[in-house]
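Me: I would like a close look at one part of this model. Please take me through it step by step.

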Amino acid sequence: MPFGLSLLAQEESKAVWGIFTAGQAGAFVAVAIFAILVYVMITRARAGQSIREIHKIPGLDAISEAVGRATEMGRPVHYTMGLPSITDPQTIAAFPVLGYVAKLCAQYETRLINTVPDVVIYAINEEIIRQAYLEAGRPDAFNPDDVRFITDWQFAYVAGVLEILAAEKPAAQILFAGPFYAEAMIFIEAGALAGAIQVGGTASTAQLPFFVAGCDYALIGEEIYAASAYLSKEPIITGTVVGEDYFKFLIFAAIIVGTLIATFATSNPLATFMTS
Amino acid sequence: MQWALDIDRRWIWAIIFIIIGIVIIHPLGLPITISPDTQQFYDTVQALPDGSRVLVGASFDVGAQGEILPMIRAFAYQAFAKNLKLYIFDAGWTNGPKLATQVVDQVAKEMGKQYGVDYVNLGYKPGSSTTYTLMTQDLMAATKGVDQNGKSLSDMPIMQGVQKVDKDTFALVFGMDIGTPGATDAWLPLISQPTGIPLVVGTITMSVPTNKPFLAAGQYKAMLDGSRGAAEYEALVGHPGPAIAQQDGASLAAMYVTLLIILANIAWVTTRKKPA
Amino acid sequence: MRKEVPMVLTVLAGLFVIVAKYLHAVDQLGWFTVGNRWFQIVYAMFFLLGVVSLTIVHGKNVQRRRSKWVYSLILLICMYGYGILTLEQTVDGPEANWIYNNIIVPSDSTVFALLAFFITSAAYRAFRIRTREATVLMITSVILMMGTAPIGDTIIPGWGTLAHWLMDVPNSSAMRGIQIGAYLGGFAVALRILFGLERAHLGGAS
C-alpha cells in the first residue's frame, strides 16, 4: 500500500447517507445543482435559444485602448498575474485574457513583456503567447525572452518587476487576475511612475481597494471570471456565466431562509444539512 | 497650485521617511485604547485551562514579520504565564516556523521555559493542504517525526500523548493570515472546522477587511487586527514591545497622508478647467 | 491532438478530484492524498524549467555584454552558489542560515517597506473627489487611516469606534458579497474547464 493510503486507511469515518464523505454531502448537493444550472444554460445556448447577455465591462474594453496606446508610443506592454498558482481559479481566468492581449500585441506589432513568479505558469504563459502570435500570423515576432520567470520569492519578484518597469517604461500595464498580495500596490504605483495606462482586475479582496483607487480601469471580484465569455462573445461560454447568476439567486434565498431560521428557531436544519 | 500636482514623488517619500525616523528616535507615547477584538483575543487565551496545548500556525514570511512577530511575542508571554504548551508549525510558508521560534526562544529564555518541554518547532513541512489535513490524522506522519532541525520528536516530553491534531489533544489553534495558505483557506477549513478546535487569528493590517467576515460569523473566536491589534495585545499582556513602538509612526503617517490628500484635492479643484 | 489529449487529461483529473473528495468509499482509499502528492512531485519538476529560463535570459545578457550584464552575472552566481551550498549543508546549515538572516531577511523587508512609500504617493495621486463614489472612497479611507492609528482617538474620542464600525459592518457585508460572487465565478471557471469549454490554458488566444 503506498505511503498515504495506509495512513488514511486507519481513519475510519462514517458515510453520510451511505454514500458521501462526512461533511461533504451538503456541498455535493450544492455543486450538483450549480452544475445542472450551468449545463441547462449551455444546452439552451447550443440550441440557439436566447440567454441573457453580459453587461458592458469597461475594463476589458480598455485593454485594446491600452495596447493601442503602447503601439502609438512605441513602448511595450507589461502583463503580470501577481503571484499566480495553477490551483487558483483567478489564475485560470487570467489565461484567456493573456491570450487576448498577446494576440492584440502581435497584430499591432507591439512588444509584450510577461513577468512570472511561478514555474508552472511560466511554461503555460509561454505556450499561450507563442500560440497567440501564431494565430495572429506573426510567429517570428514572438520573443521567448520576453516571457520571464523572475523568482518565486515574492519581494524578489517585486524587485525584478520594478527594474523592468523602470528600464522598459511600458506604456500599458495589465494586472490580471491574481491572486495579488502586497506586491499589487507597488506594481500599480511603479506603473504610474513609468507613465503606463493601467488595467487591473482581481478577486483578491484585500487588494481590491488598491486596484480601484490606483488603476485607470479595474475589474472587481467575479467580473474577472466573466472575462473569457465577454472577450470570446461565445454564447455557450456566456451560458456558464448566466447559470452562475441563477445559482446566486438560490444562495440569496438560502441566506435569507437561514438567517430567519437562525433568528427565530432553536435549531437550524438548513445549517445542519449543509454541514452534514 | 499646479506645483502641487506636479510635485516630484521623491519629496513625498523623503518627508515620510523623515517623519517616521523622528518618531522612532523620539516616541510620542500616544495612549492606546483597547479594541473589543483584542480584548476578546486576550480573554479567549486567558480562559484556556492551564497547561493546554496550542497549535501555532506560523503562516507568514519575512515581509510580514514586522506585524506578526510582535503578536507571537506577546502571545508567548501570555501562554507561558499559563503554562500552555506551544507547537509551532506550517506547511505552506518555509520561513514562518523559523521566524516564530526565534521570538518564542527569547520569551522562553526570559520565563525559564524549555525547548522540547514547553514548546517545540515542528518546522516547515512541505505539502500545503495535504500536510495540513494529514496533521488531523497523524501528526508524526505530517511532521516526518522530526522537528525543524531534524531532531526526533518522539524523544521530546512535549510530544508525549500527542498523536494527532484533534479536540481532545489541542485546546486552541492560533493561525496567521497574510496570504495563501492562511487562516481562511488552511487553518479554518482544514484544521479548525473538521476537528472542532477553536481558532484565533493574527493578521496583517492589509488583510483585516478580508478576515473580518469570518470573525463576525464566529468562525474565528478572536482576531488580532494588524499592527494596531498587536500593540493593544502587548499592552494587555503587560509587555510593551515593537508593536507599541510602531504606533506613533502609524499615527504621524496617517496624519501626513491625510494632509497630502487634502492638499492634492485643493490643488486639483483650483486648477481644473471649468466647463464652458 | 495537441489540445485534445491535455483536455481529456484535465477532465479526467477534475472528475477524479470530485469522486475522491465527495464519495465516502473512494475517500477511504486515500486517492485524494495520493493525487495531491503526485501534483507536488510534478510541480517540483517544473522548478528546473525556472532555472533553465533564468540561465538562458541572464546567460545571454552576460555573453553579449548587454547593459547591466554585471547584475545578470551576480544573479547567476547567487542562484547556483546558494543552490550548491544548501545541497551540501541543507537550508539550516550555518553558512546558509547566515546568508538567510543577514542578506535575504533584510533585502526582503526593504522591498516590503517600499510599500509604505508607494502607498503614500499613490494616495496623493489617486484620491480625488472626481465623482460621488470617489468622494465616499476618499472620506472612508481617511476615517479608517486615522481611526486605526492612536492619533484618531487622541484628536476626537470615538474616532476609533467609528473606524471599527465601518470595518465590522459595511466592510464585512461588502466583503461577503464579493467573496460569494468570486467563489461562484471561480467555480464556474472550473466547470467550464470540466466541460471542455475553457481551453486558454492549453495555449492560444481563443
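Predicted model: local features only at pLDDT ≥ 70, side-chain atom pairs only at ≥ 80, totals over all residues.

Now count the contacts. In chain C, 67 residues take part, and they meet 81 residues of chain A.

Next comes area. The size of an interface is often given as the accessible area lost when the parts come together. Chain C and chain A bury about 6200 Å² between them. Carbon and sulfur atoms give 70% of that area.

Charged pairs are also present. The interface of chain C and chain A holds 3 salt bridges. One of them links A:Glu163 to C:Lys68. Their closest N and O atoms are 3.6 Å apart. The cut-off for a salt bridge is 4 Å, so this pair counts. Over all chains, the whole structure has 22 salt bridges.

Now turn to the other partner of chain A. Here 15 residues of chain A are in contact with 16 residues of chain B. The buried area between chain A and chain B is about 1200 Å². Of this, 62% lies on carbon and sulfur atoms. The interface of chain A and chain B has 1 salt bridge. B:Arg9 and A:Glu189 form a salt bridge, with the closest N and O atoms 2.7 Å apart. There are also 4 residue pairs in polar contact between chain A and chain B, both at pLDDT 80 or more. On the side of chain A that touches chain B, α1 and α7 of chain A are the elements that give two or more residues. The most come from α7(A), with 3 residues. By class, that side has 11 nonpolar, 2 polar and 2 charged residues.

Look again at the bridge itself. The side chains of A:Glu189 and B:Arg9 meet at 2.7 Å, N to O. A:Glu189 sits in helix α7 (residues 183-193) of chain A, and B:Arg9 sits in helix α2 (residues 9-25) of chain B.

Go back to chain C and look inside it. Chain C is divided into domain 1 (1-89) and domain 2 (127-206). The centres of these two domains of chain C are 32 Å apart, taken over C-alpha atoms. The two domains do touch: 9 residues of domain 1 of chain C are in contact with 7 residues of domain 2 of chain C. The area buried between the two domains of chain C is about 690 Å², and carbon and sulfur atoms give 72% of it. In domain 1 of chain C, the residues that lose the most area to domain 2 are C:Lys3, C:Met7 and C:Thr10. Together they make up 63% of what that side buries. Between the two domains of chain C there are 0 salt bridges. The side of domain 1 of chain C that touches domain 2 has 5 nonpolar, 2 polar and 2 charged residues.

How confident is the predictor? For the complex, the ipTM is 0.77 and the pTM is 0.82. Chain C has a mean pLDDT of 83, and 97% of its residues reach 70 or more. Within chain C, confidence is lowest in helix α2 (residues 24-29), at a mean of 77. It is highest in helix α4 (residues 69-89) of chain C, at 89. Chain A averages 84, with 93% of its residues scoring at least 70. In chain A, helix α1 (residues 5-9) is lowest, at a mean of 39, and strand β1 (residues 77-80) is highest, at 96. Residues 1-12 of chain A stay under 50 in pLDDT.

Finish with backbone details. Most residues other than glycine have a negative phi, and most peptide bonds are trans. A cis peptide bond joins A:Phe176 and A:Ala177, with omega about 10°. A:Ala177 is in strand β4 (residues 172-177) of chain A. Another cis peptide bond joins B:Thr180 and B:Pro181, with omega about -5°. A:Glu109 has a positive phi, near 60°.

Key: Residues numbered from 1 in each chain as written. Chains lettered and ligands numbered in written order. Heavy atoms only, no water. Domains from an automatic or database assignment. Contact = heavy atoms within 4.5 Å. Buried area = accessible area lost by both parts, 1.4 Å probe. Nonpolar A, V, L, I, M, F, W, Y, C, P; charged D, E, K, R; others polar. pLDDT = per-residue confidence, 0-100. Helix = DSSP H or I, 4+ residues; strand = E, 2+ residues; numbered from the N terminus. Polar contact = N/O pair within 3.5 Å; in protein donor to acceptor, adjacent residues only side chain to side chain.
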